[in-house]
Amino acid sequence: MNKQLRHLSVFALVLLAVLIVSTTYWQTWAKADLAARKENSITNIERLTIDRGKILAADGTVLADNRKTHKHGLTTYTRHYPQNDLASQVIGYATNAGTTTGLEQSLDDYLTGANTNLTNTFKDELNRLGGQTVHGDDVVLTLRPDIQRLALDQLGGRCGAVVVLDAHTGAVVAMASSPTYNANLVNQPKGYTKIGRIRGTCGDHTALQNNATVGLYPPGSTFKMVTAAAALDSGAYTPGSRFNDPGYCIEYGKRVSNAGNPDQNGPEAFGNVSLAEGFEHSINSVFCNVGMHIGGLKILDYAKRFGFYSVPPLETPPDESSASGLYKYDKHGRSLWTPTSSNDVDSGRLAFGQANMLATPLQMAMVGATIANKGVVPKPYLVQKVVAADGSTVTKTAPQTLGQAIKPSTAAELNQMMQLVVRGGTAASVGFPPGLKVAGKTGTAELGLGTIYDAWFVAFAPADNPRYVVAVVVEKQPNGFGASVSAPIAKAILEKLLAR
Amino acid sequence: MTLRNRELLALMTVGLLTAIGFATVYIALKSQISGGSLGYAVFFFGLYLVAHVVTRLTVPLADPYLLPMAALLTAIGVTEIYRLGPDNAFRQGLWVVIGVGVFATTLFWLRHDYRVLERYKYVFGVTAIFLLLLPWAPGLGETINGSRLWIHFGGLQFQPSELGKIALIVFLAAYFREKREVLAQGRLKDWGPLLVIWGIAMLGLFVTNDLGSALLYYGIFVAMLYVATARIAFVAGAVGLFLVGSFAVSQGTPHVQERITNWLSPWSTHPIYCPANGEQMLRQSCQSYQQVTSLYSIGHGGFGGTGLGHGIFTGETGSQLIPDLNTDFIYSALAQELGLVGVAAVLLLYMAFVVRGFQIALSATDGFSKLLAAGLSFGFAFQTFVIVGGITRVIPLTGITLPFVSYGGSSVLANFLLVAGLLLISNRANRELAAT
């Protein structure tokens with residue numbers, strides 16, 4: 001019988017060895033897949049036991065922290081947003097069920113302390129074995145809550161967005177999207193339904209969307225900054241180049257009339273003007289001729305240098321930002337389109353920011369910042385630094401640039417032209433205080449909805465040594481122009497930022 | 001060093017490990033549990049010292065490592081049971097007291113010659129059937145999780161199939177010893193009594209829906225049949241019969257069908273009908289909830305585990321996430337808190353126990369002893385395989401206890417009997433070896 005006994009004992013040992021293999025499979029190979037399953041009640045509960053890091057504004061104001069509850073021997077944390085609706089679209093939210101958006105999503109590894117470097121891995125492991133709560137890292141943003149609040153108040157529930165950048169560093173000082181919502185609703189019963197009911201004055205999209213980064217609007221005359229940059233930087237024109245404005249330009253054998261341009265001030269036909277004057281008074285016929293002369297592809301080439309056609313490298317999740325550029329519409333909806341020949345582009349209309357050119361407020365702020373920053377595109381950023389629970393700095397953002405878009409001399413010329421706009425041009429009526437030297441460009445984009453426009457204003461100040469750039473868009477304003485609707489918002493913000 | 005001194009030394013080591021285990025749980029959970037947990041460690045150590053004294057008196061020449069290994073497995077189980085609910089650890093402690101009593105009684109009674117059992121083989125056969133059918137008796141049985149495998153008396157739950165397993169092994173060892181030559185010839189006449197007893201046993205298991213025990217009994221039967229007859233054809237035939245039989249049974253029993261579906265695809269991507277509440281739900285939220293959540297528990301442990309006392313077993317409302325955690329699913333709890341390192345060590349301990357068991361079978365000089373030791377050792381290994389294999393999706397999940405580790409009185413008693421049996425056989429074999 002001994003032979004059979006040996007066979008059987010080997011068989012029994014093989015059975016037990018199989019168990020070691022199968023357990024190894026679940027605990028190593030399949031571990032990540034199991035943890036990622038959304039009905040995994042164990043990881044769901046573990047998530048609630050993590051003391052997620054705080055999100056702080058530049059001045060230390062708490063934008064997101066946790067509320068602690070101790071029940072049934074379990075200490076759990078629920079996300080709380082003390083500033084309610086202040087920067088909900090930027091910060092996003094983290095629900096008890098594990099859904100995250102905005103910075104809560106893209107910075108999740110820091111906030112949950114999951115980011116690894118050797119010292120804190122070791123420390124975390126010790127804490128874990130000691131049964132201690134995992135404390136995530138705190139994130140300090142560049143946002144200034146006072147400016148953010150002012151921007152929201154100025155938008156006053158109208159659909160639109162305000163982006164304020166530090167002109168040199170690209171730090172986002174404010175990023176307001178309207179309509180906004182109270183982020184604390186997401187962890188309340190029926191909270192999503194309540195958020196879904198929020199409609200701004202435009203009435204057609206939800207408060208959850210960050211209009212500043214994902215919202216695509218025809219830039220209208222603010223795009224003349226890009227066209228003028230292309231015209232001057234390529235050497236085709238100077239600010240003094242002369243044009244005859246009969247009140248229209250002729251493209252494809254037809255008149256493109258100034259009369260339809262709500263942004264223009266002064267007479268309908270200016271006659272003999274310079275490029276600078278055309279910019280100052282936002283004369284479409286001038287830019288129409290510039291566009292047809294240098295060609296749509298040249299304009300788009302310059303647009304790309306400012307960051308168009310790529311998603312701005314902000315820390316928010318990439319799918320919460322849009323690339324600006326020409327869009328085409330088909331049965332699949334809207335998609336970014338890169339023409340290969342100037343003949344495919346309506347160069348005349350593109351030159352003044354129509355013809356399916358769409359841009360985000362952040363992109364237009366980057367255009368303004370580039371001009372303010374002597375032609376160098378600053379890389380926008382929201383995260384100033386990440387601080388571990390023990391107070392040590394995990395990372396600190398060093399300002400970066402996205403390259404030289406235009407020559408410094410071109411930037412200086414554009415700066416001068418933008419000062420003309422504020423001094424005696426389309427934004428003269430805004431009434432900036434005499435002590436505040438502002439450079440700006442208005443935009444009043446046609447939407448094909450008659451006299452309902454998207455109102456734009458992009459500006460920086462002080463013009464001689466720019467510190468801040470503001471881009472404002474207010475959507476679908478009946479008879480509302482860049483100068484009358486958006487410029488006053490920029491004015492209020494710049495006054496507060498630069499008040500002595 | 002004498003065999004018994006080795007046993008004592010090994011038991012001391014186990015006692016120290018137990019103390020460390022309880023101290024760890026106490027430190028981790030001191031906000032929730034009262035002090036005095038070290039008292040448990042001392043208490044269990046004391047019980048195993050009593051068992052040790054019994055072996056000194058009755059089986060001085062028996063294998064010195066079986067008892068310490070059993071003690072270590074019990075300690076691991078009791079530590080985890082204590083961590084999951086101190087009240088249950090106290091009850092388990094009472095069962096261990098009874099278990100040691102049964103252990104001592106068995107050793108004293110059979111210390112001269114356990115082979116008298118051979119004479120009563122049909123008593124054991126009938127006892128096995130009786131114990132299997134006991135839960136079916138009106139007033140005694142209770143249906144838990146669709147299986148009728150528990151009986152109640154005096155407020156204590158008892159799973160008689162655990163003891164039935166031991167009775168069956170004794171019966172098979174005796175029957176095969178007597179009939180193995182004629183069985184190998186394959187005449188139906190010799191197979192008759194065997195088939196009758198086996199048939200009733202299987203029927204009993206299926207009517208009580210105790211699939212885990214059915215599989216275990218069948219496995220033990222086939223293994224002992226092979227040892228006795230050395231006929232691979234019999235094994236193949238038996239396995240074939242089992243597959244055909246299970247298929248037939250699964251066609252008629254939704255309970256079995258469900259287990260197989262849960263095994264093959266525990267996760268559904270679309271909601272399906274959930275019989276528990278009549279709603280449309282994902283399978284992992286309904287039928288396969290226990291299996292899937294147990295896998296989450298194992299996965300969460302990862303390589304190093306969360307540490308004793310730091311695993312997540314209760315929900316926000318304080319409810320237990322995995323039903324039957326301290327009985328059938330204690331392995332998932334261990335896997336989460338001890339990690340792969342810990343449970344692999346536990347499985348190696350099972351392997352070491354099985355190796356010792358088969359060595360005893362090899363060293364035994366008579367057929368009955370060989371078959372009995374082989375049956376007990378293989379039963380022990382196969383039971384571990386059925387439950388841990390079920391939990392880790394190697395085979396369909398069937399509820400059965402993890403030997404020595406799971407909470408449950410019947411399991412404790414059966415396992416003490418198993419150790420007693422192996423010690424008796426070992427003692428006799430070593431005595432005969434010394435005499436020659």
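Biologist: What percentage of the 500 residues of chain A count as buried?

Modeller: The general idea is a count of neighbours: a residue is buried if 20 or more other C-beta atoms lie within 10 Å of its own, exposed if 12 or fewer, and partly exposed in between, with C-beta atoms placed from the backbone. In chain A, 52% of the 500 residues count as buried. Please bear in mind that this is a predicted model, in which local features need pLDDT of at least 70, side-chain atom pairs count only at pLDDT 80 or more, and totals for chains, interfaces and linings use all residues. Residues are numbered from 1 along each chain as its sequence is written, and chains are lettered from A and ligands numbered from 1 in the order in which they are written.

Biologist: How many helices and strands does the secondary structure of chain A come to?

Modeller: Helices (H or I, at least four residues) and strands (E, at least two) are DSSP runs, numbered from the N terminus. Chain A has 18 helices and 20 strands, and its C-alpha atoms fill a box of roughly 115 × 55 × 40 Å along the principal axes. For chain B the count is 14 helices and five strands, and its C-alpha trace spans about 65 × 55 × 40 Å along its principal axes.

Biologist: What radius of gyration does chain B have, and what would a compact globule have?

Modeller: The radius of gyration is taken over C-alpha atoms, and the globule rule is 2.2 Å times the number of residues to the power 0.38. For 436 residues the rule gives a radius near 22 Å, and chain B agrees because its own value is 22 Å. Of these 436 residues, 52% count as buried.

Biologist: How is the span of a helix judged, and what span should α17(A) have?

Modeller: The expected span is 1.5 Å times one less than the number of residues. Helix α17 of chain A (residues 408-424) has 17 residues and should span 24 Å; its end C-alpha atoms are 24 Å apart, so the two agree. Among the buried residues of α17(A) are Leu414(A), Met417(A), Met418(A) and Val421(A). The cover over the buried residues of α17(A) includes α11 (224-233), α12 (275-280), α16 (361-372) and β18 (439-446) of chain A.

Biologist: Which residues is Leu131(B) in contact with, leaving aside its neighbours within four places in sequence?

Modeller: Two residues are in contact if their C-beta atoms, placed from the backbone, lie within 7 Å. On that basis Leu131(B) touches Pro160(B), Ser161(B), Leu163(B), Gly164(B) and Ala167(B). Leu131(B) belongs to helix α5 (residues 121-133) of chain B, and it counts as buried because it has 24 C-beta neighbours inside 10 Å. Leu131(B) and Leu163(B) are 32 residues apart in sequence, yet their C-alpha atoms are 7.4 Å apart in space.

Biologist: How is the packing of two helices described?

Modeller: Two packed helices are described by the angle between their axes and the distance between the axes. Axes are lines fitted to C-alpha atoms, for helices over the stretch in contact, and angles run from 0 to 180 degrees between N-to-C directions. In chain B, the axes of α3 (residues 66-84) and α4 (residues 86-110) come within 7 Å and cross at roughly 150 degrees. α3(B) is therefore roughly antiparallel to α4(B); angles under 35 degrees count as roughly parallel, over 145 as roughly antiparallel, 65 to 115 as roughly perpendicular and the rest as oblique.

Biologist: How many residues of chain B are in contact with chain A?

Modeller: There are 54 residues of chain B in contact with 36 residues of chain A. On the chain B side, α12(B) gives the most, with twelve residues.

Biologist: Where does the chain A backbone have a cis peptide bond?

Modeller: One of them runs from Ser178(A) to Pro179(A), with omega near 5 degrees. Pro179(A) is in the loop between β6 (172-178) and α9 (191-197) of chain A. Lys190(A) lies in the loop between β6 and α9 of chain A; its phi is near 60 degrees, a positive value in a residue other than glycine. Lys190(A) counts as exposed because it has 9 C-beta neighbours inside 10 Å.
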